[in-house]
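Please look over the model shown here with the notes below in hand.

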Amino acid sequence: MIRTPLKLKINIWSPLPPSPSGIADYVAESLPALARHMELHAVSESPGAVDAALRARFPVFAPAAAPEADLELYHLGNSPSHAWVYRAACARPGVAVLHDWSLHHLVLRETVERGDVSGYLREMRRAHGETGTFVGRQVARALGGDLLPALFPLNDRVLEGSLAVVGLTEHVRSRAARRLPGRPILHLPHHVSLPLDPPPSRADARRALGLPPDALILTAPGLATAAKRLDVAVRAAARLRAAHPGLRLVVAGEVDPALPIDQWAHEAGLGDGLVITGRLSLEDFLRHLCASDVVLSLRFPTHGEISGALVRALGLGRPALVTAGTPAAEEFPEGVVAPIDPGPREEEELVAVLARLLVDSALREEMGRLAREHVRDHHGLEATARTLAGFLEDVARRKDALRAEILADRAAEGGLLGFMMEEVRWGARDLGLSRVPLGLEELLGPIARGKA
């Protein structure tokens, strides 16, 4: 009798829809494809609040009720909504999917904003030695601005405690591999998922959204934050209206309440050229991408993330502008995206590139064709699910050895052994030995127990 191999049981820890997190949408999109290869259990902070259609297809558990599984898969992003996933990943070794390379804002929220400044400084020293301690003091006093947290990533506790790491960009994969030599690391390209299949034409999308049929439209998709350079985009759009009076800048999503985008538009003289949609359904979000002539996916500073909206836009064949030197610019071959330098001439460069694209529909179409073909060949949902499933099967086979390696350098925090291990790690980091397996339990355990 031929026995069918049992599927691996995987617990997937992540926010889920209707959470406004883009990672929630990413996970929900991937579940059906991954379920063809594995038995999945979703773990949510509030199972009862999860979208009813998703709960009807997949079992959803609270963290304390998560069933036994072959592997825990933790989806981690740099935002407070992932704090409970971060705590679970630190407590129980599993596979970490890093949607951002740095989790600095998440750690800051879990420490400083809860009154634990010393805990934050410990994390900074753990990751960056004495320099980290100095920088951490400035950030804890709210003197670091947006740039210092981006320049000093925090992820060491998750990395060191993970059986394996999955990065959605080569940027993340390469850094994780340098940090964890010998540990399984996977570059899993961000999948593309289109909730409308086939997607509407540009004309049909504009008709459904009430957008002018003949206007040139720049679309800035997703939650509008300071990092997305919308102050520069607003000024650039206002300048381009002289040559293109019907030009619209559409912010397709919600706006951070702290962002004075209306004031920027007023000062720049953009007038009715700015359209802010507010929160959108996934279907209308896709329509806005379809309606666009050029997509703006600028981001600086970055924490190592890549935008799911960008991947969707490229999959639809829309030319996209990204910030030079970021993962979004490095992830795609030349010609698929147009990079804009975030330096002092950012606005001039943005105006020049947009001016060229807006007068040359053939160039826009060619960029879109290259983008669509690249995403089709490298970012398909079914293909990425198969890749992830194969990787998880390999990690499961090595699970015991990987877990033993992690535990050899780990001890309960608060005890003498844990304190001594932290001190040695800090010293090793200052000496440039952060990637050397130290075997600290064997070395320090007898001393901590008074048996040296």
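1. Trp13 and Tyr74 are both buried, where buried stands for under 20% relative accessible area, exposed for over 50% and partly exposed for what lies in between, with a 1.4 Å probe and protein chains only. Trp84 is buried as well. This is a predicted model, in which local features need pLDDT of at least 70 and side-chain atom pairs count only at pLDDT 80 or more, whereas totals for chains, interfaces and linings use all residues. Residues are numbered from 1 along each chain as its sequence is written, and side-chain values use heavy atoms, with hydrogens and water left out.

2. The structure holds 2 aromatic pairs, a pair being two rings of Phe, Tyr or Trp (its six-membered ring) with centres within 6.5 Å, called stacked when the planes are under 30 degrees apart, edge-to-face when over 60 and tilted for the rest. Trp13 and Tyr74 make a tilted pair, at 5.5 Å centre to centre and 50 degrees between the planes. Trp13 belongs to strand E1 (residues 9-13) and Tyr74 to strand E4 (residues 71-76), so that this pair links parts of the chain 61 residues apart; strands (E, at least two residues) and helices (H or I, at least four) are DSSP runs numbered from the N terminus.

3. The rings of Trp13 and Trp84 have centres 6.1 Å apart and planes at 40 degrees, so this pair is tilted. Because Trp13 lies in strand E1 and Trp84 in helix H3 (residues 83-91), the pair ties together parts 71 residues apart in sequence. Trp13, Tyr74 and Trp84 form one aromatic cluster.

4. Leu392 touches Leu8, Ile10, Met38, Leu71, Leu73 and Val95, not counting residues up to four places away in sequence, where contact means heavy atoms within 4.5 Å.

5. In helix H13 (residues 308-315), 8 of the 8 residues are buried, so this helix is largely enclosed by the rest of the structure; the buried residues include Arg312 and Leu314. At the start of H13, a side-chain oxygen of Ser307 reaches to within 3.1 Å of the backbone nitrogen of Ala309. Gly317, which follows H13, has a positive phi, near 80 degrees.

Methods
A polar contact is a pair of N or O atoms within 3.5 Å; within protein, one must be able to donate a hydrogen and the other to accept it, and residues adjacent in sequence count only if both atoms are side-chain atoms.
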